[in-house]
Amino acid sequence: MSMIRLTVEETNLLSIYNEGGKRGLIENINAALPFMDEDMRELAKRTLAKIAPLTENEYAELAIFAADEV
């Protein structure tokens, strides 16, 4: 498995919206998009693009890794 690289901002975004696994995260971010400013929206879309190809297991490993970094 190739570990994707996340910026601090992307990691923070994951920690805010991470609940219910990968699907829950994606739903939470998509629900919040209309309420974000332009910069935040771009960050969210970039983060979703990185997360989308991951399996649930890869995402779970990533989420643990991200939480340790914060």
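Student: What share of the contacts in the chain, counting those with a separation of 6 or more, comes from residues 24 or more positions apart?
Tutor: Such residues account for 63% of those contacts, where contact means heavy atoms within 4.5 Å. This is a predicted model, in which local features need pLDDT of at least 70 and side-chain atom pairs count only at pLDDT 80 or more, while totals for chains, interfaces and linings use all residues. Residues are numbered from 1 along each chain as its sequence is written, and side-chain values use heavy atoms, with hydrogens and water left out.

Student: Which elements does the chain have, from the N terminus on?
Tutor: They run α-α-α-α, with four helices and zero strands in the chain; helices are DSSP runs of H or I with at least four residues, strands are runs of E with at least two, and both are numbered from the N terminus.

Student: Why are α1 and α3 called roughly perpendicular to each other?
Tutor: Helix α1 (residues 8–17) and helix α3 (residues 38–51) pack at an angle of about 85°, with their axes 10 Å apart. Angles of 65 to 115 degrees count as roughly perpendicular, under 35 as roughly parallel, over 145 as roughly antiparallel and the rest as oblique, and α1 and α3 are therefore roughly perpendicular.

Student: Which residues of α1 and α3 meet?
Tutor: Glu9, Glu10, Leu13 and Leu14 in α1 meet Met40, Leu43, Ala44, Arg46, Thr47, Lys50 and Ile51 in α3. The residues of this contact of α1 with α3 divide into six nonpolar, one polar and four charged.

Student: What makes α2 and α3 roughly antiparallel?
Tutor: Helix α2 (residues 21–32) packs with α3 at an angle of about 160°, their axes being 11 Å apart, and by the cut-off already given the two helices are therefore roughly antiparallel to each other.

Student: Which residues of α2 and α3 meet?
Tutor: On the α2 side they are Lys22, Leu25, Ile26, Ile29 and Asn30, and on the α3 side Ala44, Leu48 and Ile51. By class, the contact of α2 with α3 has six nonpolar, one polar and one charged residues.

Student: How do you know whether Ala44 counts as buried or exposed?
Tutor: Buried means under 20% relative accessible area, exposed over 50% and partly exposed in between, with a 1.4 Å probe and protein chains only; at 0% relative accessibility, Ala44 therefore counts as buried. Ala44, placed in helix α3, touches Leu13, Ile29, Leu33 and Met36, not counting residues up to four places away in sequence. Of the 70 residues of the chain, 31% count as buried.

Methods. Axes are lines fitted to C-alpha atoms, for helices over the stretch in contact, and angles run from 0 to 180 degrees between N-to-C directions. Ala, Val, Leu, Ile, Met, Phe, Trp, Tyr, Cys and Pro count as nonpolar, Asp, Glu, Lys and Arg as charged, and the others, Gly among them, as polar.
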